[in-house]
Amino acid sequence: MKPTDSRIFGPVPSRRLGLSLGIDLVPFKTCTYDCIYCQVGRTTNKSLECKEFFPVEDILAQLKDKISLSSFDVITFSGSGEPTLYSKLDELVYEIRRLTDKKIALLTNGSLLWKEEVRKKVLDVDIILPTLTTVFEKTYKFIHRPHPKLNINKIIDGLIHLRNEYDGNIFLELFVLKDINDNKNELIPLKDVIDKIKPEKIQINTTVRPPSEKVAVPLSKEELERIRDFLGNKAEIIAYTPRISSKKLKEENRIKAILEMVKRRPVKDIDISNALGIDINEVRSIIKGLLIKGMITEYEHLDDTYYVSKEGQR
Ligand code: SF4
């Protein structure tokens, strides 16, 4: 791994987890899916093969440095692909526990949890945040464009098995798209399946950042509220601007921290300000400089301006 190729990013604001220090365990867009709503673009390496893409010891060395510099609530396996494709996830969790007592979370699309060996590797994280969108194969294929060896029955079985074996918290993400999986025919059987998975929380999401495909249209706040009410008291909406902890990032190099954020995903200036604890006017001034130097670009989506690095650009 090149010294500049940091697998650690953030801390970034997350409505689901607070201020999250991210670890990206797979190369850019290495995923089991190619979701139409993906905010980091089309999948370039669709695979089911688990590998140690980056050495555990390199990731730990980077994490050690970052932990000593940053203030955050949780360490999260996430990023620009599917983290359960990382073959040494269990070893990494074990080693991170020796470094810090912060909670560890796993953001996953849930597509490999039907494999017993993958489930065993995730049992020691504190919070697992898998995604579910439908119980129907046709809708599943349309939304996720999965690897050909995956199907929705496997995914649901995996999630139910996980619940039976895992003592931690499951925050199930229900990603809803306008005129695709937001109707009663979809949601009624989906609720039955969610009841079997018994997540601690159901976190309802929709497309709030520029998606891979224009067909991935978001639901309005009111529409999401109706779905939340239908799903009951474990359900909450996470699709809007994240609220974060007031803790401030203790980073000396603010430009570097901003560049790390925009490399991972498109962000608004307010996201950066909240995540890094930097005054919004200072963020805007730094962004202006980065735009002039051509280090980042900007674009409009749903009346908001997003910033992204050259690498993160589609
Ligand atoms: S949204 Fe997540 S699961 Fe879907 S393609 Fe993007 S990285 Fe993969």
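Reader: In which strand is Pro 11 found?

Author: Pro 11 is found in strand 1, residues 8-14. The model is a predicted one, in which local features need pLDDT of at least 70 and side-chain atom pairs count only at pLDDT 80 or more, while totals for chains, interfaces and linings use all residues. Residues are numbered from 1 along each chain as its sequence is written, and side-chain values use heavy atoms, with hydrogens and water left out. Helices (H or I, at least four residues) and strands (E, at least two) are DSSP runs numbered from the N terminus. The peptide bond that joins Gly 10 and Pro 11 is cis, with omega about 5°.

Reader: Why is Asp 179 called exposed?

Author: Residues are classed by relative accessible area: buried means under 20%, exposed over 50%, and partly exposed in between, with a 1.4 Å probe and protein chains only. Asp 179 has a relative accessible area of 66%, and is therefore exposed. Asp 179 lies in the loop between strand 9 and helix 6. Its phi is near 60°, a positive value in a residue other than glycine.

Reader: Why is Asp 124 called partly exposed?

Author: Asp 124 has a relative accessible area of 48%, so this residue is partly exposed as well. Asp 124 is placed in the loop between helix 3 (116-122) and strand 7. Leaving aside neighbours within four places in sequence, Asp 124 is in contact (heavy atoms within 4.5 Å) with Val 93 and Arg 97. From Asp 124 to Val 308, 184 residues apart along the chain, the C-alpha separation is 34 Å.

Reader: How do you know that strand 9 pairs with strand 10?

Author: Two strands pair if DSSP finds at least two bridges between them. Strand 9 and strand 10 (residues 201-205) have five bridges, so they meet the rule, and they pair in the parallel sense. Phe 171 stands opposite Lys 201 in strand 10. Strand 8 (residues 131-132) pairs with strand 9 in the parallel sense over two bridges, and there Leu 132 has Leu 174 as its bridge partner. Two bridges also join strand 7 (residues 127-129) to strand 9, again parallel, with Asn 169 as the partner of Ile 127.

Reader: What makes the unit of strand 9, helix 6 and strand 10 right-handed?

Author: A crossover is right-handed if, with the strands pointing away from the viewer, the path from the first strand over the helix to the second runs clockwise. Strand 9, helix 6 (residues 184-197) and strand 10 make a right-handed β-α-β unit, so their path runs clockwise in that view. Strand 9 itself (residues 169-175) is mostly covered, with six of its seven residues buried.

Reader: Which residues touch the most other members of the largest nonpolar core?

Author: A nonpolar core is a set of buried Ala, Val, Leu, Ile, Met, Phe, Trp, Tyr and Cys residues joined through side-chain atoms within 4.5 Å. The largest has 70 residues, and Ile 23, Leu 25, Phe 77, Leu 92, Ile 96 and Leu 132 touch the most other members. Apart from it lies another core, of 17 residues, among them Phe 9, Val 12, Leu 290 and Tyr 307. Leu 132 is in contact with residues beyond four places in sequence, including Ile 152, Leu 172, Leu 190 and Ile 197.

Reader: In what sense do strand 12 and strand 13 pair?

Author: Strand 12 (residues 296-301) and strand 13 (residues 304-309) pair in the antiparallel sense over six bridges. His 301 stands opposite Asp 304 in strand 13. The hairpin of these strands has two residues between them, and Leu 302 takes a positive phi near 45°.
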